[in-house]
Amino acid sequence: MSTSHPTADGLPDHVEERLGAAQVRPGDGIVVAVSGGVDSVVLLDILSRLAEAMELSLHVVHLDHGLRQDSPEDAAFVKALAGALGLPVTVEVVNVAEVGRSQGLSVEMAGRRCRRDLWERVRARVRARCVAVGHHADDQAETVLLRLLRGAGATGLGAMRPVAAGGIARPLLAVRRPALEAYPRERGLRVRGSA
């Protein structure tokens, strides 16, 4: 396993290696969580490039949280992106703020719960091996820092895992943001926002 941070041109090989570590095999299905931001668009592009050779079946999923006025534009962008790649897509709209209020959760926690619920439902429906998400090395550092600032003890400071419970795979977890930002420029990809 490579321990260095890959460059933009090395991302496809890196993702292929990480999928192998996640025990993804020929014929497996992968649900790809796509927000429309750079990390998820890069992940989707790479997986679509690898799909034929690795015999993967991809299904795109997007949750419109209903928190921003332009969130329907994100959903339309993801639908168009999946369509251009010839991939099936599931888009769901949820009022995450209302879910948070009704369940006594923060908006952040409600969003996480709604995303995970959607991912798992789609994964079960399409019988996919895993859900691939675009978390990267800078997200990892931010997660540990936030947990530290919230007063987590040694056991609560654990970082995100490349393969987590619930079939979550993070093949970009060792990738730094500069490589993620360079990749769409080199490939001529459009993204929404900066994350």
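The questions below take up the helices of this predicted model and the terms used for them.

Biologist: What does the protein chain come to in secondary structure, and in what order do the elements run?

Modeller: The protein chain has seven helices and six strands. From the N terminus on, the order is α-β-α-β-α-β-α-α-β-α-β-β-α. Of its 195 residues, 44% count as buried. Among contacts with a separation of 6 or more, 76% join residues 24 or more positions apart.

Biologist: Why is His14 called buried?

Modeller: Buried means under 20% relative accessible area. His14 has a relative accessible area of 5%, so His14 is buried. His14 lies in helix α1, residues 11–21. Leaving aside residues up to four places away in sequence, His14 touches Pro6, Pro171, Ala174 and Val175.

Biologist: What makes α1 roughly perpendicular to α2?

Modeller: The axes of α1 and α2 cross at roughly 70° and come within 10 Å. The range for roughly perpendicular is 65 to 115 degrees, so α1 counts as roughly perpendicular to α2. The crossing of α1 and α2 is right-handed.

Biologist: Which residues of α1 and α2 meet?

Modeller: From α1 there are Leu11, Pro12, Val15, Glu16 and Leu19, and from α2 there are Val42, Ile46, Leu47, Arg49, Leu50 and Met54. By class, this contact has nine nonpolar, no polar and two charged residues.

Biologist: Why are α2 and α7 called oblique?

Modeller: Helix α2 (residues 38–54) and helix α7 (residues 177–187) have axes that cross at roughly 60° and come within 10 Å. Roughly parallel needs an angle under 35 degrees, and roughly perpendicular runs from 65 to 115. The angle of roughly 60° falls between those ranges, and therefore α2 and α7 are oblique to each other. Their crossing is left-handed.

Biologist: What residues make the contact of α2 with α7, and how do they divide by class?

Modeller: Val38, Asp39, Val42, Asp45, Ile46 and Arg49 of α2 meet Arg177, Leu180, Glu181, Tyr183, Pro184 and Arg187 of α7. The contact has six nonpolar, no polar and six charged residues.

Biologist: How do you know that α4 and α5 are roughly perpendicular?

Modeller: The axes of helix α4 (residues 96–103) and helix α5 (residues 107–126) cross at roughly 105° and come within 8 Å. That angle lies in the range of 65 to 115 degrees, so α4 and α5 are roughly perpendicular to each other. On the α4 side the contact uses Val96, Ala97, Val99, Gly100 and Gln103, and on the α5 side Val107, Ala110, Gly111, Arg113 and Cys114. These residues divide into six nonpolar, three polar and one charged.

Biologist: Which residues of α4 are buried, and what puts them on the same side?

Modeller: Val96, Ala97, Val99 and Gly100 are buried in α4. They cover an arc of only 160° around the axis, so they are on the same side of α4. Residues three or four places apart in an α-helix point the same way, because there are 3.6 residues a turn. What covers the buried residues of α4 includes α5.

Key: Residues numbered from 1 in each chain as written. Predicted model: local features only at pLDDT ≥ 70, side-chain atom pairs only at ≥ 80, totals over all residues. Heavy atoms only, no water. Helix = DSSP H or I, 4+ residues; strand = E, 2+ residues; numbered from the N terminus. Buried < 20%, exposed > 50% of the residue type's maximum accessible area, 1.4 Å probe, protein only. Contact = heavy atoms within 4.5 Å. Axes fitted to C-alpha atoms, helices over the stretch in contact; angles between N-to-C directions. Parallel < 35°, antiparallel > 145°, perpendicular 65-115°, else oblique. Nonpolar A, V, L, I, M, F, W, Y, C, P; charged D, E, K, R; others polar. Arc of directions from axis to C-beta. Left-handed = near helix turned anticlockwise from the far one by under 90°.
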